Amino acid sequence: MYYEPLTFEGQKQIREDDRWIKKRLRLDADPEKSAVIICDMWNTHWCKGAAARVDELAAPVEKFTSYMRRNGFLIVHCPSNTMAYYADNPARKRALQASPQEADPRLLDWCPLDPEREDPLPFDDSDGGCFCKERCTYSRPYYGEHEGITIDPDRDIIVDDRLAYDYFRTHGIDTVFYCGVHANICVPGRPFGIRQMVRQGIRCILVRDLIDVMYNPEMPPYMDHFDAVDAMSGHLERFWCCSTTTADIMGGFPFRFREDYRLF
Ligand SMILES: [Zn+2]
């Protein structure tokens, strides 16, 4: 089956003198060589507020990944720490068939903020980011991906570690779109995340209207939660990768959370 290359607009930020300039880009992606990673869209979360936003995000993620699958892209489900739940799923078994690959620099199990390459995060997330009226306590209550997201057992893969990289190299995949949560922690930091893949020469594209962050507006710099989401995609655009939106790819409007009361 032949699939047309996808052409769409995106953006990145470049340094000009002492300020950052947004630069619009014409991008293309060959479905044969591209994948979409769905990061940590678990069926629940230790923070009830974060879990409610994932519930909301699941529908547009499903719409986007269905569109991309129909257009020939590989869909990669990455609900970390739940692989046992998928042991018998053909999409998990397919991932496990990837051949181990050489990697330089060596692959890390976690890729923290890299002060050599990037500024500090645009906000303080050191309290964990819960801003529920009654504060939530950390736990791991999830056991799989959100049930609103379809896993196609005949075409998708399920991974949560370096196997993503092995699979990409085994199958000649050099471009990866990222959606899911959370853009300040797991999307860049996981072993399948943006920092790792950029260092290995994989082109990463953040789908910036399909992300969320863990940030409590009572922490510095006391910004709106959804301003923090935008600030985080700006950070990634400056130091790591370009971004796009579902609207740039599929038309229509970018996704917005119900509680995002900001004006356009
Ligand atoms: Zn909470």
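Trainee: Before we start, what counts as a helix or a strand here?
Mentor: Helices are DSSP runs of H or I with at least four residues, and strands are E runs of at least two, numbered from the N terminus. The model is a predicted one.

Trainee: How many helices and strands does the protein chain have, then?
Mentor: The secondary structure of the protein chain comes to 7 helices and 8 strands. Its radius of gyration is 18 Å, close to the 18 Å that the globule rule gives for 264 residues, so the chain is as compact as a globular protein of that length.

Trainee: What box do the C-alpha atoms fill?
Mentor: Along the principal axes, the box is roughly 50 × 45 × 40 Å. Of the 264 residues, 40% count as buried. Among contacts with a separation of 6 or more, 81% are between residues 24 or more positions apart.

Trainee: Which residues have the most contacts inside the largest nonpolar core?
Mentor: They are Val-36, Ile-37, Ile-38, Val-76, Val-159, Tyr-178 and Cys-179, in a core of 62 residues. The largest share of this core, 7 residues, is supplied by helix H1, residues 48–70.

Trainee: Staying with Tyr-178, what is it in contact with, beyond its neighbours within four places in sequence?
Mentor: Tyr-178 is in contact with Ile-37, Cys-39, Val-187, Ile-194, Cys-204, Leu-206 and Val-207.

Trainee: Back to H1. What is its reach from first C-alpha to last?
Mentor: H1 has 23 residues and reaches 33 Å, close to the 33 Å expected at 1.5 Å a residue. A kink of about 30° lies at Leu-57, shortly before the proline Pro-60.

Trainee: Which residues of H1 are buried?
Mentor: The buried residues of H1 are Gly-49, Ala-50, Ala-51, Arg-53, Val-54, Leu-57, Val-61, Phe-64, Thr-65 and Met-68. An α-helix has 3.6 residues a turn, so residues three or four places apart point the same way.

Trainee: And what covers those buried residues?
Mentor: The cover includes strands E3, E4 (74–78), E6 and E7, together with helix H7 (246–250). H1 is followed by Gly-72, whose phi is positive, near 100°.

Trainee: Which residues have a positive phi although they are not glycines?
Mentor: Among them are Asp-40, with a phi of about 50°, and Tyr-222, with a phi of about 60°. Asp-40 is in the loop between strand E3 (34–39) and H1, whereas Tyr-222 is in the loop between E7 and H6.

Trainee: Is Asp-40 buried or exposed, and what about Tyr-222?
Mentor: Asp-40 counts as buried because it has 24 C-beta neighbours inside 10 Å, and the cut-off for that is 20 or more. Tyr-222 has 10 such neighbours inside 10 Å, so it counts as exposed.

Trainee: New topic: where are the cis peptide bonds?
Mentor: One joins Val-181 and His-182, with omega about -10°. His-182 is in the loop between strand E6 (175–180) and helix H4 (186–189). Another runs from Pro-220 to Pro-221, with omega near 0°. Pro-221 is in the loop between strand E7 (203–211) and helix H6 (225–239).

Trainee: Which residues is Asp-166 in contact with, leaving aside neighbours within four places in sequence?
Mentor: Asp-166 is in contact with Ala-98, Ser-99, Pro-100 and Gln-101. Asp-166 and Ala-95 are 71 residues apart along the chain, and their C-alpha atoms are separated by 9.0 Å.

Terms used. Residues numbered from 1 in each chain as written. Predicted model: local features only at pLDDT ≥ 70, side-chain atom pairs only at ≥ 80, totals over all residues. Rg over C-alpha atoms; globule rule 2.2 N^0.38 Å. Buried ≥ 20, exposed ≤ 12 C-beta atoms within 10 Å, placed from the backbone. Contact = placed C-beta atoms within 7 Å. Core = buried A, V, L, I, M, F, W, Y, C linked by C-beta atoms within 7 Å. Expected span 1.5 Å × (residues − 1). Bend = angle between axes of the 7 residues up to and from the residue.
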